[in-house]
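Open your viewer and get ready to select residues by number. This tour moves from stop to stop and says what to look for at each one.

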Amino acid sequence: MTQKLTRRTFMKQAGLAGIGLALASCATPAAQPAASSDEAGAPSQYKVTEIIAPSWWAPHEIEGAEASFNSTFKEQTGLTVKYDFIGSDFDAKVFTNLASGTPYDVITFNADRVPQYLERGILRSIDDLVERDGYDLSNFVDGALEQWTHDGELYGLTADMGSFHCYFNKALFEAAGLEAPSPLDDWSWDDLLEWSKALTVRDGDQITQYGFAADTNWNWEIWPNTNGEYVFDEGITKSLLDSDAAIQAYDFYQSLMYEENVAVKPGSIQTGVNELFLAGQLAIMMNGTWQVGWLRSKKEEVSFNWDVGVQPYGSAVGADGWLVPNFTAGWVIPNNAPDVDASWEAVKFYAGDTFAEDVMFTALSGLPTTKSALDGAWYAQWPDNPPEGLTPEFYGKLLEHGAPRRHLRFDLGSEVNASMNKLELIYSNEEEPANLLPGLAEEVNAGLATRPWNS
């Protein structure tokens, strides 16, 4: 599976049918004394010799992560780390494993999974481990740990923040007599429309080169955010899909695809959007930060100069008003982990600078969640690796405009998720935003009213 497919599939999953697990009653292994530095290489201090972590990461990401763990981390602890790739039904397979006699040592997922796992009694708070080791939480950027904190307790650490920006094929811009915006330039929907028209090439009725494509339809917030709007209020008590700014944003995107015919429509191409960009047939791609790592892994296949830039801002806001949705990925420890201390060492290494330097900004290229990683700027690898514009200032601007997906700390439930997925009717041109969204907002509000935090 390609990275795009595995990530998109994982992120679109919205609460699988629960599998009855009585993990809440599982005894938590007693914490072992922290090892002194001169004992760090002795495997005998742990009950396990290998840490197993489920993951939806792509092959090149897993390869890079295992290489880092099984060099520096192994030298420090004597432990090896192996990723168990799960390409579909992630939650169901993890739940099944945790009910077995050989449960995972750690679990990796995006922060929106935490409420579901807490409800099943699966996760262990790490507050005692943080306090015992004097672990420095102040190194994390603002908001990074909030998504992993519930009822005042911290359940995981994060090393990367998924965010979004645009990718530009500068060669196609130049061939059309245009100049792509620099990474820090603000630019508008009007610019996007103008450039997409100029950069779309047709051979009769066949489009041979697309001006624009967004591999972001699974992310509800991304278009409203460009127009300064959210899809839920802060307390997740009501939907904002019926706001003028949200309707305007979805209408603009729909018009790019179906009225102007300059953006890739769902199901209209036989390949992925990222692969279309890789082939040099797409000028502007809106996608996740992780595509930097994927494009770097395909460096030998890229025959053109490319760079990154921020997203366009909508007509309801100025250059200062756009937002970009973000979410964190992290590692947690299950209640029945075979050896909590071994798991905790792996979690700390994952959130540390060595892993950031080896993996996060090479194989993965996520947005930094620690200040030391942001200062280290290991992701800025030009000219050895593109893009030139991946600098501390660029990531700093994404953080400045970052808007955490508000619903991540709430279990929306299957009813609300099913309603929200009706946004696909806009992407497929079956419904116009002005007709769909007011009624959809009412439907979502009815579902939200039944959720525990509102009832």
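Buried, on this tour, means under 20% relative accessible area; exposed means over 50%, and partly exposed is in between. Keep in mind that this is a predicted model.

**Stop 1: a lysine under cover**

Select Lys 348. Is Lys 348 buried or exposed? Its relative accessible area is 17%. The cut-off for buried is under 20%, so Lys 348 counts as buried.

Glu 345 and Lys 348 form a salt bridge, with their closest N and O atoms 3.2 Å apart. Both residues sit in helix H12, 3 residues apart, about one turn of the helix. An α-helix has 3.6 residues a turn, so residues three or four places apart point the same way.

**Stop 2**

Select residues 340-350, which make up helix H12. How many residues of H12 are buried? The count is 10 of 11, so H12 is mostly covered. Among the buried ones are Val 340, Trp 344, Val 347, Phe 349 and Tyr 350.

What covers the buried residues of H12? Show these elements one by one:

- strand S1 (50-55) and helix H2 (59-77) are part of the cover;
- helix H5 and strand S6 (156-162) take part too;
- strand S12 (324-332) and helix H13 (353-364) are also included.

**Stop 3**

Keep H12 on screen and select Asp 341. Asp 341 is buried, at 5% relative accessible area. Next, select Arg 132. The side chains of Arg 132 and Asp 341 meet in a salt bridge, at 2.8 Å from N to O. Arg 132 belongs to helix H5 (residues 127-133) and Asp 341 to helix H12, so this pair ties together parts that are 209 residues apart in sequence.

Arg 132 has another partner. Select Asp 133. Here the closest N and O atoms are 2.9 Å apart, and Arg 132 and Asp 133 form a salt bridge. Arg 132 is partly exposed, at 32% relative accessibility. Asp 133 is partly exposed as well, at 25%.

Side chains of opposite charge can pair when their charged atoms come close. Now show Arg 132, Asp 133, Asp 341, Glu 345 and Lys 348 together: they are linked in a network of salt bridges. The model's salt bridges come to 11.

**Stop 4: helix H13**

Move to Ala 356, in helix H13. Ala 356 is buried, with 7% relative accessibility. Which residues does Ala 356 touch, not counting those up to four places away in sequence? They are Phe 361, Ala 373 and Trp 378.

Select Tyr 395 and draw a line from its C-alpha to that of Ala 356. The two are 15 Å apart in space and 39 residues apart in sequence.

**Stop 5**

Thr 289 lies in the loop between strand S10 (282-288) and helix H11 (291-297). Thr 289 is buried, at 1% relative accessible area.

**Stop 6: two cis peptide bonds**

Go to the loop between helix H14 (371-376) and helix H15 (392-400), where Pro 383 is found. A cis peptide bond joins Trp 382 and Pro 383, with omega about 5 degrees. Now find Pro 387, in the loop between H14 and H15. Pro 386 and Pro 387 are also joined by a cis peptide bond, with omega about 5 degrees.

**Stop 7: positive phi angles**

Select Ile 236. Ile 236 is not a glycine, yet its phi is positive, at about 55 degrees. It sits in the loop between helix H8 (222-226) and helix H9 (244-258). Ile 236 is buried, at 0% relative accessibility.

Then select Asp 89, in the loop between strand S2 (80-85) and helix H3 (90-98). Asp 89 has a positive phi too, near 50 degrees. Asp 89 is partly exposed, at 41%.

**Last stop: charge on the surface**

Show the surface and color Asp 251, Glu 259, Glu 430, Glu 431 and Glu 432. These residues gather in a patch of negative charge. Zoom in on Glu 432, in the loop between helix H17 (424-427) and helix H18 (433-448).

Definitions and conventions
Residues numbered from 1 in each chain as written. Predicted model: local features only at pLDDT ≥ 70, side-chain atom pairs only at ≥ 80, totals over all residues. Heavy atoms only, no water. Patch = residues over 30% accessible without salt bridge, like charges linked within 9 Å, V, L, I, M, F, W, Y side chains within 5 Å. Areas by Shrake-Rupley, 256 points an atom, 1.4 Å probe, with all protein chains shown as cover. Salt bridge = Lys/Arg side-chain N within 4 Å of Asp/Glu carboxyl O. Lys, Arg positive; Asp, Glu negative; His and termini not counted. Charge placed at Lys NZ, Arg CZ, Asp CG, Glu CD. Helix = DSSP H or I, 4+ residues; strand = E, 2+ residues; numbered from the N terminus. Buried < 20%, exposed > 50% of the residue type's maximum accessible area, 1.4 Å probe, protein only. Contact = heavy atoms within 4.5 Å.
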